[in-house]
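Colleague: Before I plan anything around this model, I would like to go through the terms used for it and hear what stands behind each one.

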2 protein chains.
Amino acid sequence: MESSRRTGAKDSQTRSHLLDAAEQLMLEEGYAAVTSRRVGHKAEISPQLVHYYFGTMDDLFLEVFRRRAEEGFAQFERALEAQPTLRTIWSSLSAGPGSVFNLEFVALANHRKAIRAELASYAERFRTMQLDAITSILAARGPLPDGMTPEVVLVTMAGVAQIIALERALGVSGGHDTTLAFVEQFLDEPGTDGSSA
Amino acid sequence: MESSRRTGAKDSQTRSHLLDAAEQLMLEEGYAAVTSRRVGHKAEISPQLVHYYFGTMDDLFLEVFRRRAEEGFAQFERALEAQPTLRTIWSSLSAGPGSVFNLEFVALANHRKAIRAELASYAERFRTMQLDAITSILAARGPLPDGMTPEVVLVTMAGVAQIIALERALGVSGGHDTTLAFVEQFLDEPGTDGSSA
DNA sequence: GTCTATACTTCGATAGAC
DNA sequence: GTCTATCGAAGTATAGAC
């Protein structure tokens with residue numbers, strides 16, 4: 001017996017369909033296209049059910065984000081356990097639709113504080129997890145050049161992965177090939193300062 | 001004698017005020033907050049004038065972008081002429097509100113093709129200009145490590161600058177200090193492979 | 001050349017029947 | 001748990017008075 005709102009069961013099929021539709025709309029047309037009416041229409045469900053299951057649109061956005069985040073999180077953990085390598089970390093940073101998705105959410109977070117908080121918390125959890133992993137991986141590879149800490153490597157890889165994803169979405173590709181080749185070279189290297197073998 | 005729309009004189013004060021208001025709204029609350037009503041209200045001008053001066057909202061967005069782009073472009077050219085250094089390029093990549101601005105526009109471009117085209121064209125022009133500059137600057141610094149071309153350095157710097165700006169907007173700061181310190185070290189180095197002095 | 005009035009659409013959200 | 005009916009607010013855009 002709580003508030004009458006927000007009752008839709010978590011395992012409802014309808015609920016999942018609404019989340020799917022919202023996610024797809026967001027990916028294809030941006031967050032501004034995610035309206036209760038359009039979500040309902042895409043899911044072939046009456047728009048009012050959006051409010052029945054999620055209350056406000058902000059809550060819908062949060063649920064979409066959480067579902068994705070948990071999924072990405074679990075996926076990264078599995079991949080890391082199977083292959084605890086630099087390449088696994090790089091893959092998690094440059095993986096498919098995730099980057100566009102993140103971008104859309106960051107833009108959304110600009111004026112919705114509840115979403116910003118959730119995003120920030122997730123980003124920090126993810127970063128910490130990646131840092132732990134990369135620290136032990138790099139330790140096994142020998143000493144790093146002066147000033148280049150595991151943190152630096154991680155932030156740099158994340159930045160490179162992101163700008164390439166972003167520019168690709170824009171249709172710009174200048175410098176991507178050579179940069180990706182350099183990343184590959186770094187991933188393969190047994191040592192990090194060029195003094196290989 | 002052309003189409004009756006889009007008549008507002010380019011040098012109109014009213015027009016400038018509308019652009020200012022739109023830009024500010026976009027920076028503060030994201031692109032979704034840039035509506036004809038809100039822009040008009042912020043500029044203390046009737047919302048209908050937005051359509052008189054710009055036709056559609058898309059045209060308004062384009063004008064806002066162009067004004068910023070030209071400004072940033074000219075500024076970069078001046079800075080580079082005064083100080084043709086790596087640091088000047090880094091500054092142009094990490095300069096204040098520009099990054100947030102870009103981010104907002106990229107998100108917007110996701111579902112407005114006219115804006116995507118403009119953004120892509122600008123990004124390419126800017127990248128080419130930066131590449132010319134960084135190539136000659138790095139040439140003077142001596143040979144680069146294996147695989148690290150000027151392009152790679154540029155894309156990497158751009159990525160680092162961007163992810164830091166993005167995370168900062170989100171309130172996340174893990175790893176920024178050490179990464180920025182590393183960038184500083186790289187900017188100051190007379191050589192690039194650690195064999196300084 | 002500038003601004004008012006206004007048409008039309010879509011938005012989020014709620015009430016209540018079934 | 002789902003749907004119909006509906007409210008008030010806000011969105012883009014145009015017509016036409018001044």
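Colleague: What makes A:Arg141 count as lying over the face of A:Phe186?

Modeller: A charge sits over a ring if NZ of Lys or CZ of Arg is within 6 Å of the ring centre and within 35 degrees of the ring normal; A:Arg141 lies over the face of A:Phe186 at 5.1 Å from the ring centre. A:Arg68 is placed likewise over the face of A:Phe101, at 4.4 Å from the ring centre.

Colleague: What should I keep in mind about the model itself?

Modeller: It is a predicted model, in which local features need pLDDT of at least 70 and side-chain atom pairs count only at pLDDT 80 or more, while totals for chains, interfaces and linings use all residues. Residues are numbered from 1 along each chain as its sequence is written, chains are lettered from A and ligands numbered from 1 in the order in which they are written, and side-chain values use heavy atoms, with hydrogens and water left out.

Colleague: Why is the pair of A:Phe65 and A:Tyr122 called edge-to-face?

Modeller: Rings of Phe, Tyr and Trp (its six-membered ring) pair if their centres lie within 6.5 Å, and planes under 30 degrees apart count as stacked, over 60 as edge-to-face and the rest as tilted. The centres of A:Phe65 and A:Tyr122 are 5.4 Å apart and their planes stand at 90°, so this pair is edge-to-face. It links distant parts of the chain, with A:Phe65 in helix α4 of chain A and A:Tyr122 in helix α7 of chain A, 57 residues apart.

Colleague: Why does A:Phe65 count as buried?

Modeller: Buried means under 20% relative accessible area, exposed over 50%, and partly exposed in between (1.4 Å probe, protein chains only). A:Phe65 has 5% relative accessibility and therefore counts as buried, and A:Tyr122, at 12%, also counts as buried.

Colleague: Why is the pair of B:Phe73 and B:Phe126 called tilted?

Modeller: The ring centres of B:Phe73 and B:Phe126 are 5.8 Å apart and their planes are at 50°, so the pair is tilted. B:Phe73 lies in helix α4 of chain B and B:Phe126 in helix α7 of chain B, 53 residues apart, and both residues are buried.

Colleague: How do you know that chains A and B are related by a two-fold axis?

Modeller: Copies are superposed by least squares on the C-alpha atoms of residues with pLDDT of at least 70 in both. Chain B can be laid on chain A with an RMSD of 0.2 Å by a turn of 180° and a shift of 0.2 Å along the axis, which means the relation of a two-fold axis.

Terms used:
Helix = DSSP H or I, 4+ residues; strand = E, 2+ residues; numbered from the N terminus.
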